[in-house]
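Here are some friendly notes to read alongside the model. Keep the viewer open and find each residue as it comes up.

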Amino acid sequence: MIRLSQITKTYGSGSLAVPVLRGIDLEIGDGEFVAIMGPSGSGKSTLMNIIGFLDKQTGGTYSLNGEDVKQANEKQLAGLRNRHIGFVFQQFFLLPRLNAQKNVETPLLYAGVSKKERSERALGLLEKVGLKERTGHLPSELSGGQKQRVAIARALVNQPTVILADEPTGALDSKTGAQIMELLTELNREGKTVIIVTHEEEIAACTDRIIVLRDGLIVDDRKVTS
Amino acid sequence: MNVRESFALALSSIWNHKIRSILTMLGIIIGVSAVIIVVAIGDGARQQMADDLFSTDENAIPLYFEQTTYEENGEMMWVEPPAVTGEQLDAVKEVAGVKYVLGTNSGWGTMNHNEHTADMEIIGVDNQYFIAKDLTLLEGRRLNTRDNDSYSRVAMIDSLTRENMFAADEEAVGAIIDINDNPYKVVGVYESTLPPEFRHMDEFSNGQMLMPRTLISMMFGSPEIDTINVIADQPDNLTETGFAAAEKLTELTGSEEGMYVAEDMSAYVEEFDSFYMTITLFISSIAGISLLVGGIGVMNIMLVSVTERTREIGLRKALGATRGQILRQFLIESVTLTSLGGLIGIGFAALVTAVAAVFLPFTPIINPVVVIVGILFSSMIGIVFGILPANKASKLSPIDALRYE
C-alpha cells in the first residue's frame with residue numbers, strides 16, 4: 001500500500017526555486033493497475049521517482065506498507081529500491097556487455113543472493129516472459145520488444161511489491177507495445193501493483209485507474225470502465 | 001555483490017578496453033620493471049664481486065707487507081719484506097680471534113709422469129695447512145712436521161692430477177713423479193678445491209700439488225714464507241682479527257721500513273655498495289616518477305570510465321546498488337588495473353634479466369622482496385588514484401545518471 005500525503009518537491013532554492021509537485025495526496029492499494037498521465041512538465045516523472053525511491057520529497061509524507069520512509073538514508077533507500085521496486089524504462093537500460101540472463105540477475109547481486117539461486121530465478125523469469133531461447137544473447141542481439149521483456153524479467157526478479165514502468169512502450173512499435181501491455185496486465189492479474197507513467201491514452205486505457213497531473217497537482221483520478 | 005564478483009566484473013571491463021588498459025598500465029609496468037631490473041642487476045654484480053673477492057676462502061684474510069719508507073739519500077728505495085719464520089707465525093696465532101695462520105710459498109713446475117706432461121702450481125705448505133683449509137684426504141697421508149724439517153722430497157697430488165696423469169688402476173701413493181727433471185715421491189691424494197671456472201684454464205686443468213714449504217724454498221730459491229693468510233674463529237670478525245694479526249707480525253719482525261697490513265676486502269664491497277646505492281636511488285626516483293605519472297594516468301582513465309558509464313551507474317543504483325557497492329566496484333577496477341600492470345612489469349623484468357644474463361658477465365638476481373613490494377605498491381597506487389573517480393561514481397544521483405545522454 002502506497003500512501004502519499006501532501007507531497008511537495010521543489011528544485012533549487014530562494015528566488016530560483018521551482019516547485020514541481022505542489023501537494024500530492026494519493027493512495028494506491030496492493031494489486032492496483034494505475035496509469036499516471038499528464039503533459040510534460042506536469043511532474044509525473046518526479047512523482048514516479050519519489051514513489052520509486054530514486055528521489056526524496058521536499059515536504060509531506062510517503063509511507064509504503066504503513067512504514068514512513070522519510071527517515072531513510074541513502075543506503076536504506078538503495079535497499080528499498082532493491083526489495084520493493086521493479087523499474088521498467090522507456091529505453092530499456094540493459095547493460096550492453098551482459099547477456100539476457102546476467103542482466104536479469106543484476107538486482108540479485110545487490111541483494112546478496114547466491115549464484116545458484118540467481119541463475120534459477122533469472123532463467124525462470126526469462127521463460128515466463130517468453131525468452132527461454134534467448135537467455136545467452138547480448139542486448140544488441142535482441143529486438144526492442146525482447147529487450148523490454150528482459151527488462152521486465154529484471155524488474156520482477158527481486159519479487160518487488162511494485163512495478164514502476166516509465167513509458168514502457170514509448171520506444172516500441174504499436175504491435176510490440178501491445179504485447180508488452182499484455183504482459184504487464186498479466187502480471188497485475190497475478191497480484192502485482194503496476195504503475196505506468198505514460199502520455200498515451202490507449203496505454204492508459206488498458207489500466208484500471210487513471211491519475212492525471214497538471215502543474216504539480218492531481219487534477220483527475222478516475223476508474224476505467226471497460 | 002561480493003569481492004570476487006566485483007573482481008570478475010573489473011577484469012571483464014579491462015578486457016573490453018584492451019588497448020586503453022595496456023596504455024594506462026604502461027607507466028606502472030615501466031616503473032615496477034625498472035626497479036626490479038636495476039636491483040637484480042646490482043645484486044648480481046655485487047654477488048659476483050663478492051664471489052671473486054672471497055673465492056679462495058671466505059674465512060681467510062691475507063696479510064701483506066707494505067713499505068713505509070720509499071727514499072734513501074734522495075733515491076727511490078725498494079724494501080725487501082722481512083723473512084718471516086714459522087715461530088713468528090705461531091706467535092701470531094696467539095692473537096685473540098685467530099684460528100690459524102697459514103704461511104705458504106709457491107712455485108710452478110713441469111710435471112712428467114706416464115708420458116703426460118703438465119705445468120702446474122705447487123703450493124709449499126706446513127703441517128697445519130691441510131686442517132686449516134679443511135681438505136679431504138682421499139689416499140695416503142698428509143704432509144707432516146718432519147717432511148718440512150727434513151726437506152723430504154715428497155708431494156701430495158690432488159684428485160684432478162690423479163685423474164688426468166695416472167691410470168685408474170695405478171697406485172698413486174708411493175709413485176715416483178718427475179718435476180723439473182727431479183724425482184719426488186707421492187705420499188697422498190686430496191680432493192681438489194679448485195673452483196670450477198679455474199678447472200677450464202690450461203694452467204689449472206691438471207690440478208695443483210702440495211709440497212713441504214722448506215723444499216719449495218730450496219727448489220726455487222724463494223723465501224720459506226711469502227704468503228700469509230689469517231683464518232679467524234668468527235667470519236664476522238675477519239677484518240678486525242686480520243688487523244690485530246698484522247700489527248702483531250709487524251712487531252715481531254721489527255721492520256723499520258715497512259709494516260704488515262691486512263687487506264680489508266669488505267672495504268671493496270662497502271665501496272661498491274655505496275656506489276650501487278646511489279644508482280639504485282637514482283633509478284628508483286625515476287621509477288617513482290613513472291609510477292606517479294602512471295597513477296595519474298589511471299586516475300584520468302577511471303574518470304573517463306565513470307563518465308562513460310554514468311548511465312550504467314544510474315541503472316545499478318536504481319536496481320538497488322548502494323553508494324558503497326558502486327565505490328567498491330570502481331575501486332576494485334582501478335586496483336585490478338594497476339595490479340595487473342605490476343604483474344606485467346614483473347613478467348617484463350623477468351624477461352629482461354633473463355636476456356641480460358646472456359650478455360652480462362654475471363647473472364642478475366631477482367629479489368623476491370622487491371617483487372612483493374612492487375605488487376603491493378602497484379595495488380596501493382590503484383587505491384590512491386582510484387579513490388577520486390570511484391567516489392565521483394558513487395555520488396552520482398540515479399535520476400541524473402539515468403537521464404545522462
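Which residue in E12(B) is the bridge partner of B:Glu66? The answer comes in point 2, after a word on conventions.

1. **Before you start.** This is a predicted model, in which local features need pLDDT of at least 70 and side-chain atom pairs count only at pLDDT 80 or more, while totals for chains, interfaces and linings use all residues. Residues are numbered from 1 along each chain as its sequence is written, with chains lettered from A and ligands numbered from 1 in the order in which they are written.

2. **The opening question.** B:Glu66 has B:Met259 as its bridge partner in E12(B). Helices (H or I, at least four residues) and strands (E, at least two) are DSSP runs, numbered from the N terminus. Two strands pair if DSSP finds at least two bridges between them. Strand E1 (residues 60-67) of chain B and strand E12 (residues 258-262) of chain B are paired antiparallel, over five bridges. E1(B) is also joined to E11(B), by four bridges and again antiparallel; here B:Ile61 faces B:Val230.

3. Strand E4 (residues 98-113) of chain B runs antiparallel to strand E11 (residues 227-232) of chain B, with six bridges between them. Look for B:Val98 opposite B:Ala232 in this pair. E4(B) also pairs with strand E5 (residues 116-125) of chain B, antiparallel and over nine bridges, and there B:Asn112 is opposite B:Thr117. E4(B) and E5(B) make a hairpin with two residues between them, and B:Asn114 in the turn has a positive phi of about 50°. Strand E8 (residues 176-179) of chain B is a further antiparallel partner of E4(B), through two bridges, with B:Met111 opposite B:Ile179. As background, strands of a sheet pair through backbone hydrogen bonds, either parallel or antiparallel.

4. **A sheet in chain A.** Four strands of chain A make an open, antiparallel sheet in the order E2-E1-E4-E5. At its edges are strand E2 (18-28) and strand E5 (67-68) of chain A, each pairing on one side only. Strand E4 (residues 59-64) of chain A meets E5(A) through two antiparallel bridges, and A:Leu64 is opposite A:Glu67.

5. How far apart are the end C-alpha atoms of helix H13 (residues 368-395) of chain B? They are 40 Å apart, which agrees with the 40 Å that its 28 residues should span at 1.5 Å a residue (the expected span is 1.5 Å times one less than the number of residues). H13(B) has a kink of about 45° at B:Gly386, shortly before the proline B:Pro389. The bend at a residue is the angle between axes fitted to the seven residues ending there and the seven starting there. Buried residues of H13(B) include B:Val371, B:Gly374, B:Phe385 and B:Pro389. A residue is buried if 20 or more other C-beta atoms lie within 10 Å of its own, exposed if 12 or fewer, and partly exposed in between, with C-beta atoms placed from the backbone.

6. **A buried phenylalanine.** A:Phe33 is part of strand E3 (residues 33-37) of chain A. A:Phe33 counts as buried because it has 21 C-beta neighbours inside 10 Å. A:Val194 is 161 residues away along the chain, yet its C-alpha atom is 4.9 Å from that of A:Phe33.

7. **The cores.** A nonpolar core is a set of buried Ala, Val, Leu, Ile, Met, Phe, Trp, Tyr and Cys residues joined through C-beta atoms within 7 Å. The largest one has 107 residues, and A:Ile36, A:Ala153, A:Leu164, A:Ile195 and B:Ile36 touch the most other members. Helix H2 (residues 18-53) of chain B supplies the largest share of this core, 12 residues. Another core, of 44 residues, lies apart from it and includes B:Ile122 and B:Leu249.

8. **Where the chains meet.** Contact means that the C-beta atoms of two residues, placed from the backbone, lie within 7 Å. By that test, 18 residues of chain B are in contact with 18 residues of chain A. On the chain B side, H11(B) gives the most, five residues.
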